[in-house]
Amino acid sequence: MGTFGKYETVCIKETEERELIIYSPETGEIIAKHTIPDEKGLLIKDRKHSRDRTKGIDAFMNTVAEHFNDSEMAYDYLQAVKGKYPRYIRDQLQMIIKETKTNNKEILSTALKECIKRNLYGATDFSDVVAYLKRHRQMEDTPNDTAKNVTRVKGVSAWVMETEAQKREVNAYTAILEGDPV
């Protein structure tokens, strides 16, 4: 993961210590080193391969903050996230930037303000607030069925539209369910 397509050709070598080494034949650079497990069918991966290591953390934080309407507030929020999760800040930033790619700045800024207001300093919390806001907005955008919105079906006589269904007492339905004839 994260290295596929980066090199045109790679070489694989198994060591006596039961390690699999993947390296570039041109430079000899070791791309990956994994211990070979005894079990079959396991996915072995190194988390470092899926991380973007081309940018420093501060530059990455600036990049993420620029996706918000108030980039200063966003940067301060990201600093607080970094303080809470210093070892996992890159993963936290990747989760937040993923949200910026699929949501508009209005939702992101509202989620940011809500997270700060509620002291939610983590990427998962941020994603949850974004999802909540999106669900809430969908409910607001759903039109209500009112008599004003109902249009007449073409080709149906007026008397059909004005016909009312027969109304019965609840006892009649209870009797039917109990097996009594009506």
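Five salt bridges turn up in the structure, a salt bridge being a side-chain nitrogen of Lys or Arg within 4 Å of a carboxyl oxygen of Asp or Glu. This is a predicted model, in which local features need pLDDT of at least 70 and side-chain atom pairs count only at pLDDT 80 or more, while totals for chains, interfaces and linings use all residues. Residues are numbered from 1 along each chain as its sequence is written, and side-chain values use heavy atoms, with hydrogens and water left out.

Three of the charged residues, Glu 14, Arg 18 and Asp 38, are linked in a network of salt bridges. Arg 18 pairs with Glu 14, with 3.8 Å between the closest N and O atoms, and also with Asp 38, again at 3.8 Å from N to O. Arg 18 sits in the loop between strand 1 (11-14) and strand 2 (19-23), and Asp 38 in the loop between strand 3 (30-35) and helix 1 (57-65), so this pair ties together parts that are 20 residues apart in sequence. Helices (H or I, at least four residues) and strands (E, at least two) are DSSP runs, numbered from the N terminus. As for accessibility, buried means under 20% relative accessible area, exposed over 50%, and partly exposed in between (1.4 Å probe, protein chains only). On that scale Arg 18 is partly exposed at 35%, whereas Glu 14 is exposed at 53% and Asp 38 is exposed at 69%.

Another salt bridge joins Glu 114 to Arg 118, at 2.4 Å from N to O. Here Glu 114 is partly exposed, at 22%, and Arg 118 is exposed, at 52%.

Moving on to the fold, the protein has seven helices and three strands, running β-β-β-α-α-α-α-α-α-α from the N terminus on. Buried residues account for 24% of its 182 residues.

Setting aside neighbours within four places in sequence, Tyr 77 is in contact (heavy atoms within 4.5 Å) with Ile 96, Leu 112, Cys 115, Ile 116, Leu 120, Tyr 121, Gly 122 and Phe 126.
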